[in-house]
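Please look through the sequence and the model shown below before reading the notes that follow. They take up a pair of helices at the outset and then turn to other parts of the chain.

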Amino acid sequence: MRRCVAGMLAVAMCVTVMGGSTEAAAAAKPKLSNKKLTLTAGKTKTLKVTKAKGAKITWKSNKKKVAAVKKSGKYGGKVTAKAKGSAVITCKVKGKKTYSLKCKVTVKKKTVPSVVKTATPSTPTPAPPQTQAPGNTAVPGGNSPAPSAPASDDQGLKPDLTSNSILKRYQGIFPHMGSSLNYNGWRGNNDLQDEATMKFVKENFNSFTLEDEMKPTGVLGNQWGAELISKEEALELGYIIPDNYTEDKVPKLNLATLDRIIEVAKFYGIQMRAHVLMWHQQTPDWFFSRNYTGGKAVTPEVMDARLEFYVRTVMDHMLKQEQKVAGKAGSIIYAWDVTNEYLHRDNDPTPKTWMTVYGDMELQPTYVKKAFELAYDTLKQYGVQDTVTLFYNDYDTYFCADDLVSLVNYINEGEEAKICGGIGMQTHVDVDRPTLDEYGAAMDKFLATGLEVQVTEMDVTTNFDPDNANTVQNKGQTDEDQAKYVGDLMKLIVTKQKQRDKTVSPKGITGITIWGLCDTYSWRKNFKPLLFGKDINDPKPAFQAFMDAAKLWVE
């Protein structure tokens, strides 16, 4: 009996060991991140191999005309959908054993968004008068009024106080009324691809700002790694490579989406604020790293070249796209946010930022000035430096107005013109912060510079605690409290525009941009910050308060 039991135990142990070895072998087998993919022609997706350390990895497509693949990083293969059909991507992992991992890719035909393909174009917004208003002289050494800007009140256009259109209600007060929009919104708001949404936008706005797609992460790509190409490939794509760029590789830029957005803007006759070229947030860590790998930071000299490459390439590409689509550079993008939130450069920065490379330069950051110089020079090359304005944009400007003016003065100091021609007041405010006096005092200081002033990112939250930005505070604040603040704030802004000294501030407040269409898709949706609730058919009391503030212009 003892011998029998011992034998059985021995067999069991062998089975266990063999099973464990089998499981270990299975666990060690390389895996592909996807076995199936469905992509639209023109889109890309990077496949990843796991458990392949030390192995040689190669990628192959059986139908390159349907879906091509090339190595991306150490363990990745970037799949590019080419044309409708099916293809099989094979990843060969060669180590002690060789594995062939496969992913079936189904490519759908690229379709033009219904807003462009099937929508019946409405009557384009009438071209505004292009004569300069009496007394509306250019800022010495700065930009003259853009001839494509909507007419002002002293050209005969007055607010239509009977209209339910935001644009018509404020016509003749502010040249541009806008909203932030998305093309591929990560919250599901693909505004620029939706026909009903864009009809609403055209009726209510003549300007928009991209919320996400034009930020550095949208153009450079994700935080996890750069897609690098050779200088020769970059030049073939039309990139601008400066003479001081000494590196062998260049990060590939995502510009196709921006091209499509320009087409949609042209179709609807709506202009665009370009946001943003330089920001310490939402810029990949690897952009500041040696060899674009995410390691140690580069030297200021290397970063100077990267800065020039990025600013010139992005702007040059967009200006060329305007020429292609609209026949004229500067006809769609009328303003660029060159630098965003430098004064708040310590707020939630990425692991490496501009300050990692250059240090803290306080109110005289040479690289910020350099970005404006590059941007202005690019506008000059297309002859649009007098019709397209470069902005410095920031939040909580009512608490740092003097510093902001000092920064802008430094940027413009010693330049041939006021290369920073505008100040963007983001205006992410709360019903109890800032006070109207604080807001008005800051706006007075900005108007006194003679530069354009724009309210660039307006939303008004309720029950918000600035010390705990992710949690709704039970302050008892209601939609009616929001409406009162919105109404009072807009009356203040209208009054500042109406009463400004035009000999000092000839352009004044040239635009108001509401940061989103409705609460559902707002970045601060928990605090109900916008004029519409669940959708664009759900106006809140704040909407009517916003509209009624225009009455002050004619009183």
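In this predicted model, Leu436, Tyr439, Gly440, Met443, Asp444 and Leu447 in α12 meet Asp488, Leu489, Leu492, Ile493 and Lys496 in α13, where contact means heavy atoms within 4.5 Å. The residues of this contact divide into 7 nonpolar, 1 polar and 3 charged; Ala, Val, Leu, Ile, Met, Phe, Trp, Tyr, Cys and Pro count as nonpolar, Asp, Glu, Lys and Arg as charged, and the others, Gly among them, as polar. Residues are numbered from 1 along each chain as its sequence is written. Local features need pLDDT of at least 70 and side-chain atom pairs count only at pLDDT 80 or more, while totals for chains, interfaces and linings use all residues, and side-chain values use heavy atoms, with hydrogens and water left out.

**Helices α12 and α13**

- The axes of α12 (residues 436–447) and α13 (residues 479–499) come within 11 Å and cross at roughly 25°; axes are lines fitted to C-alpha atoms, for helices over the stretch in contact, and angles run from 0 to 180 degrees between N-to-C directions.
- The two helices α12 and α13 are therefore roughly parallel to each other, given that angles under 35 degrees count as roughly parallel, over 145 as roughly antiparallel, 65 to 115 as roughly perpendicular and the rest as oblique.
- The 21 residues of α13 should span 30 Å at 1.5 Å a residue, which agrees with its end C-alpha atoms being 30 Å apart; the expected span is 1.5 Å times one less than the number of residues.
- Among the buried residues of α13 are Gln482, Ala483, Tyr485, Val486 and Gly487, where buried means under 20% relative accessible area, exposed over 50% and partly exposed in between, with a 1.4 Å probe and protein chains only.
- The buried residues of α13 pack against β17 (428–430), α12, β18 (452–461), β19 (509–514) and α14 (541–548).

**Helices α7 and α8**

- Helix α7 and helix α8 (residues 300–326) pack at an angle of about 40°, with their axes 10 Å apart, and that makes α7 oblique to α8.
- Leu258, Asp259, Ile262, Glu263 and Lys266 in α7 meet His317, Met318, Gln321, Glu322, Val325 and Ala326 in α8, a contact that by class has 5 nonpolar, 2 polar and 4 charged residues.
- Just after α7, Gly269 takes a positive phi of about 65°.

**Two loop residues**

- Cys420 is found in the loop between α11 (401–412) and β16 (422–425), and it counts as buried at 0% relative accessibility.
- Leaving aside its neighbours within four places in sequence, Cys420 is in contact with residues including Phe372, Leu390, Val408 and Leu451.
- Lys96 lies in the loop between β7 (85–94) and β8 (98–108) and is exposed, with a relative accessible area of 91%.
- The C-alpha atoms of Lys96 and Gly54, 42 residues apart along the chain, are separated by 9.7 Å.

**The chain as a whole**

- The secondary structure comes to 14 helices and 19 strands; helices (H or I, at least four residues) and strands (E, at least two) are DSSP runs, numbered from the N terminus.
- Buried residues make up 52% of the 555 residues in the chain.
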